[in-house]
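Let's walk through this structure together, starting with the overall build of its chains and then zooming in on one piece of packing.

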Amino acid sequence: MPQFKHRLSVSEWVTLWLSRVVIWVAIILVIVPMLYVVTASFNPSQAYFSSSLIPSHPSLANYRALFAQGQFLVWLKNSSIVALSLGLGQLVITSTAAYAFSRMRFYGRKNGIMILLILQMFPNFLTISVIYYGLAQVGLLDNLWVYILVQLGGSAFNIWLLKNYFDTVPRELDEAAIMDGAGHRQIFWKIVLPLARPMLMVIFFFTLIGSFSEYILAGTIIQSASNYTLGLGLYSLISGEFAKNWGEFSAAALLSAAPLTIGFGIINKWIASGLVAGSVKG
Amino acid sequence: MLTQQKRIRQAKKRHTRYRVQWSAYGYLSPALVTIAVLSVIPTLLTFAVAFTNSSAIHFTNPSFVGLKNFAALFNMNDPLAQVFIPTFIWTVVFAFVTTALNYFVGLFLAVLLNNKNMRETRLYRAILIIPWAVPALISTLIWQGLLNQSYGQVNAVLHMVGIPAIPWLISPLWARVSIILVNLWLSFPFMMTVCLGGLQAIPGEWYEAASIDGATFWQRFRYITLPSIWKISLPLVIPSFAFQFNNFNAVYLLTGGGPARNSTQFAGYTDILASAAYKMTLDFNRYDLAATIAVVLFVLVGFFSWINMRATGAFREAD
């Protein structure tokens, strides 16, 4: 239906402009804190903090310092290893289980996902006392791979999500493949997985982004600076000599947040545009 | 044509003859094994450790102590209970206030944005979603800097308009206010997005019909918008409450649980149970008490989840 321009009544006009003012205030509260971080990252470390949004002596000193010490690159490398391992691991674990729930017959199919979902309502970071105690006993603390392994559990929610997605892949395709002599392995690899690519991407990226915000297990398991993830590194920067490090912290925070924020924007747009929901056609 | 149908039917028969496909367990095994080893076993062990005296002193030879740890946490005469009970109360207050505030601010902004006369609403929405997109760990740490009493930009801005410096992360009350406000900053975009989705699902004719009947703006909001939104967002509000209940990052990355209490070092004024358990483990090596707190949390999370499933029937279609 075409939209016709119509004259706003007085009350509509007042509502509209009041709403706009409130939203502008909200936008300022969202944007300005971020701008302060940008400003701080270009301000040399010794400069005192001010309410000005324009850096007093703009320079790249903070960025240079960040890379000169080399710590930042170590954190970035560690976090990338963790994120990619968890993302890939999650794909393997989720897709195989979701396939079974979507396409196969076995004992426990009916209530399996439900039981897993209930089990996982208890977040596994609540068991840190046992994890720390156990790892300390066998001397496996402070190991990046142990940190990855501890988080590598299957996620019932992801399985449920992907299973529902697999269910939208038409069975006729399976049946045609079976007639051609294909087994489950071929159906899984050649039909279901390729058609579910958008959803797999979503699961991969959300695992990736989630792993960058993980702190409690990282703080529990990792001890030495050479194993620090970005989260631990940034925390150590800001909780140490605060005034001295604020500039460097800002630079590091910007460099780490920017790619993830952009990635989130792309994925979010994808989901919103229905690409994921409606991408499968027979 | 006929033969093809026959072939399909035969293929289907062949497919269904095996009632149980044992290879399914092969496909399931990565998920089942990791969930068993990494979720189920640690959880069971946590329950076990809660009944022992595992700590740095009894590191290799812990012994069974029955309900002693639970008694210590709940008996008001015990010094531990004097930390645990206030921490517990703050955890509940924090989770409740923060969820309600995030929800209502999100709903409020969604209602404002859902104005058909506002043509630029998509742009506003894209900007307001930014805090959700920035990893929470990084933005919480950023706020720790911005709220610094002596150097932070928040106080610098307040100074500019003549307000004296506020001890944001230093006084017990302001530290709690800071946590709730920063968490609002992080979380309102999610609630706003959920509510906007709900608002757009309400048929426009309902409002038109109500207008014809002479309903005021407020009446339309009260009798059409709120009930519809509530129904759509409830399945997300309760899990969000359960999440906030254990929102370790929101507390620990902003205040570290501080400011410290004079009476004890085990938990500061802003510590929630999850961060208290973390400190018990890492700073004090009291695995027994940390596990006991975790058991209390498990029971509470289970209770919320049960309410959630009763209230919404969520995941009923899971099979």
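Predicted model: local features only at pLDDT ≥ 70, side-chain atom pairs only at ≥ 80, totals over all residues.

Residues are numbered from 1 along each chain as its sequence is written, and chains are lettered from A and ligands numbered from 1 in the order in which they are written.

Let's begin with chain A, whose secondary structure comprises 14 helices and 0 strands. Here helices (H or I, at least four residues) and strands (E, at least two) are DSSP runs, numbered from the N terminus. Chain A has a radius of gyration of 25 Å, well over the 19 Å that the globule rule gives for 282 residues, so it is more spread out than a compact globule. The radius is taken over C-alpha atoms, and the rule is 2.2 Å times the number of residues to the power 0.38. Along the principal axes, the C-alpha atoms of chain A fill a box of roughly 75 × 75 × 30 Å.

How much of chain A is buried? Buried residues make up 39% of its 282 residues, where buried means that 20 or more other C-beta atoms, placed from the backbone, lie within 10 Å of the residue's own. Of the contacts in chain A with a separation of 6 or more, 73% involve residues 24 or more positions apart; two residues are in contact if their C-beta atoms, placed from the backbone, lie within 7 Å.

Now turn to chain B, which comes to 14 helices and 0 strands. Its radius of gyration is 26 Å, well over the 20 Å that the globule rule gives for 319 residues, so chain B is more spread out than a compact globule. In chain B, buried residues make up 37% of the 319 residues.

Finally, zoom in on two helices of chain A. Helix 8 (residues 171–179) of chain A packs against helix 9 (residues 184–195) of chain A at an angle of about 130 degrees, with axes 10 Å apart. Axes are lines fitted to C-alpha atoms over the stretch in contact, and angles run from 0 to 180 degrees between N-to-C directions. On the helix 8 side of chain A, L173(A), D174(A) and A177(A) make the contact, and from helix 9 of chain A come Q186(A), I187(A) and I191(A).

How values were computed: Buried ≥ 20, exposed ≤ 12 C-beta atoms within 10 Å, placed from the backbone.
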